[in-house]
Amino acid sequence: MDGNVARVFSRLAAVEIPVQDPGAKRLFWGLAEALLPKGRAGDFNQALMELGATVCVPRQPRCPSCPVARFCVAREKGWTARLPIRTPRKALPERREIVALVARGDTLLLRRRPEGGLLGGLWEFPSVPDEGRGGRLLGSFFRLHGLSANPEGSLGAFRHVFTHFRLEVEARTFSAARPGREEAARRWVDAATLDELPVTRLTRRIHEAWKARTLAPLPLFER
Ligand code: SF4
């Protein structure tokens, strides 16, 4: 059920259970069926959605100009501000990772995420979980791929919120001493190619930060 419509029903009938609750949804469907004018389902739906979008808005509903105000229990009880009731969202779990920007000449190392998983098929900078052993895991990742890289610095922390967790990454920069093995899911790409590739949003943001720092014009010498 459309969120606007659920809000209208929850106020009209002063429903004191969270709108996401299956019981509330059943109640709203029952109300819709009871009120539905015969043969005018389309108009009815449209009118309800417009009422929710323009009059029975989430904050400060415009009750004085509402065409169904005289039927509205929430208005009668003075409950319009506390309805609809929503279940508070659970705090999302946090994950931490280290992202490695490994430079080789004017190229950076990218890897492709496995198909079928989260963000499957997109390219990204290599990363490892960081639960206190991130540095060692990164070393293992380099060795696994026959790569050797010297640490250079840090681009700082980046945050990204997924539907099921929050991710905080530290982006570290490296220069490749040995490029490692050729693999289908790993590529060295220059900045222009990276701009064209399908990459994760976080990768795009980190790359922009890297470009801003690395490709910034050198300051002029003072006389
Ligand atoms: S009277 Fe107010 S709270 Fe009730 S349906 Fe209309 S706009 Fe919403």
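**View 1. Leu119, a partly exposed residue in a loop.** With 16 other C-beta atoms within 10 Å, Leu119 is partly exposed. This is a predicted model, and here Leu119 lies in the loop between β2 and β3. Take a look at the backbone too: Leu119 is not a glycine, yet its phi is positive, at about 55 degrees.

**View 2. Ala14, another residue with a positive phi.** Let us move to the loop between α1 and α2 (22-35), where Ala14 has its place. Although Ala14 is not a glycine, its phi is positive, at about 50 degrees. Ala14 has 16 C-beta neighbours inside 10 Å and so counts as partly exposed.

**View 3. Arg112 and its contacts.** Arg112 belongs to strand β2 (residues 107-112). Leaving aside residues up to four places away in sequence, Arg112 touches Gly121, Trp123 and Ala185. Arg112 counts as partly exposed because it has 18 C-beta neighbours inside 10 Å.

View 4. Leu83 and Pro84 are joined by a cis peptide bond, with omega at about 0 degrees. Pro84 sits in the loop between α4 and β1.

**View 5. The two sides of helix α7.** Helix α7 (residues 201-214) has 14 residues, which at 1.5 Å a residue should span 20 Å; the end C-alpha atoms are 20 Å apart, so the two values agree. Which residues of α7 are buried? They are Leu202, Thr203, Ile206 and His207. These residues cover an arc of only 130 degrees around the axis, so they lie on the same side of α7. Their packing partners are β1 (94-104), β3 (123-124), β5 (148-161), β6 (166-178) and α6 (191-196).

**View 6. The shell around the ligand.** Of the 15 residues around the ligand, the nearest are Cys56, Pro61, Cys63, Cys66 and Cys72. Two elements, α1 (3-12) and α4 (73-77), each give two or more residues to this shell. The most come from α1, which gives three residues. By type, the shell holds 11 nonpolar residues, one polar and three charged.

**View 7. The two domains of the chain.** To finish, here is how the protein chain is divided: domain 1 covers 3-77 and domain 2 covers 94-214. Taken over C-alpha atoms, the centres of domain 1 and domain 2 are separated by 48 Å.

How values were computed:
Residues are numbered from 1 along each chain as its sequence is written. This is a predicted model: local features need pLDDT of at least 70, side-chain atom pairs count only at pLDDT 80 or more; totals for chains, interfaces and linings use all residues. A residue is near a molecule or strand if its C-beta atom, placed from the backbone, lies within 6 Å of it. Helices (H or I, at least four residues) and strands (E, at least two) are DSSP runs, numbered from the N terminus. Ala, Val, Leu, Ile, Met, Phe, Trp, Tyr, Cys and Pro count as nonpolar, Asp, Glu, Lys and Arg as charged, and the others, Gly among them, as polar. The expected span of a helix is 1.5 Å times one less than its number of residues. A residue is buried if 20 or more other C-beta atoms lie within 10 Å of its own, exposed if 12 or fewer, and partly exposed in between; C-beta atoms are placed from the backbone. The arc is that of the directions from the helix axis to the C-beta atoms. Two residues are in contact if their C-beta atoms, placed from the backbone, lie within 7 Å. Domain bounds come from an automatic or database domain assignment.
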